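This report looks at one helix and at some of the residues around it. Please keep the sequence and the structure in view while reading.

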Amino acid sequence: MPQNFLFPQRDQPLLMSADMRRRYRADGHGRAAFDPEMMVALLLYAYWQGERSSRVIEKRCVRDVAYRVICGGLVPDHATVARFRAGHERALGGLVSGRPASRAPTATTPSRGRTSPTRTCG
């Protein structure tokens, strides 16, 4: 009876990828990544619904019709949702706040004297 072994592939030029910062592999190896536009739409819709938990977002991709339409029948698992959010945090922050990420105010940025109008009753 033959054995089922995993054999090393020592004939490859490098045992590690050339650029360790690469997020998506262009060589076709590994599982295909989810479309970034779909992931952004999924997160924006989830945020709009008040949902932040990646585990709940994963469950809604199975059970909720709106989530299923956004994902087109695909179901990214919670780890994928969390990694995408963490990897694109700055860009997503700009989309959620309505401002580009490079222009978002920080704690040290003054508001330039603009205040929101207040209403008084009476």
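## The buried side of helix α1

In this predicted model, the buried residues of helix α1 are Met-38, Met-39, Leu-42, Leu-43, Ala-46 and Tyr-47. These residues lie on the same side of α1, because the arc they cover around the axis is only 165°. An α-helix has 3.6 residues a turn, so residues three or four places apart point the same way.

Glu-37 and Trp-48 are exposed residues on the face of α1 turned away from its buried side.

## Length and ends of α1

Helix α1 runs over residues 36–48 and has 13 residues. From its first C-alpha to its last, α1 reaches 18 Å, close to the 18 Å expected at 1.5 Å a residue. After α1 comes Gly-50, which has a positive phi, near 85°.

Pro-36 belongs to α1. Its relative accessibility is 38%, so Pro-36 counts as partly exposed, the class between under 20% for buried and over 50% for exposed. Pro-36 and Phe-84 are 48 residues apart along the chain, and their C-alpha atoms are separated by 8.5 Å.

## Aromatic pairs

How many aromatic pairs does the structure hold? There are two. In one of them, the ring centres of Tyr-45 and Trp-48 are 5.8 Å apart and the planes stand at 45°, so this pair is tilted. Tyr-45 and Trp-48 are three residues apart in helix α1, which means that about one helical turn separates them. Tyr-45 is partly exposed because its relative accessibility is 22%, whereas Trp-48, with a relative accessible area of 67%, is exposed.

Tyr-45 also pairs with Tyr-67, and this pair is edge-to-face, with 5.2 Å from centre to centre and 75° between the planes. Tyr-45 lies in helix α1 and Tyr-67 in helix α3 (residues 65–71), so the pair ties together parts that are 22 residues apart in sequence. Tyr-67 has a relative accessibility of 1% and therefore counts as buried. Together, Tyr-45, Trp-48 and Tyr-67 form one aromatic cluster.

## Thr-80 and its contacts

Thr-80 is placed in helix α4, which covers residues 78–87. Its side chain makes a polar contact of 2.4 Å with the side chain of Asp-77.

Which residues is Thr-80 in contact with, leaving aside its neighbours within four places in sequence? They are Phe-34 and Met-39. Met-39 is also one of the buried residues of α1.

Note on methods. Residues are numbered from 1 along each chain as its sequence is written. This is a predicted model: local features need pLDDT of at least 70, side-chain atom pairs count only at pLDDT 80 or more; totals for chains, interfaces and linings use all residues. Side-chain values use heavy atoms; hydrogens and water are left out. Helices (H or I, at least four residues) and strands (E, at least two) are DSSP runs, numbered from the N terminus. A polar contact is a pair of N or O atoms within 3.5 Å; within protein, one must be able to donate a hydrogen and the other to accept it, and residues adjacent in sequence count only if both atoms are side-chain atoms. Contact means heavy atoms within 4.5 Å. The expected span of a helix is 1.5 Å times one less than its number of residues. Buried means under 20% relative accessible area, exposed over 50%, partly exposed in between (1.4 Å probe, protein chains only). The arc is that of the directions from the helix axis to the C-beta atoms. Rings of Phe, Tyr and Trp (its six-membered ring) pair if their centres lie within 6.5 Å; planes under 30 degrees apart count as stacked, over 60 as edge-to-face and the rest as tilted.
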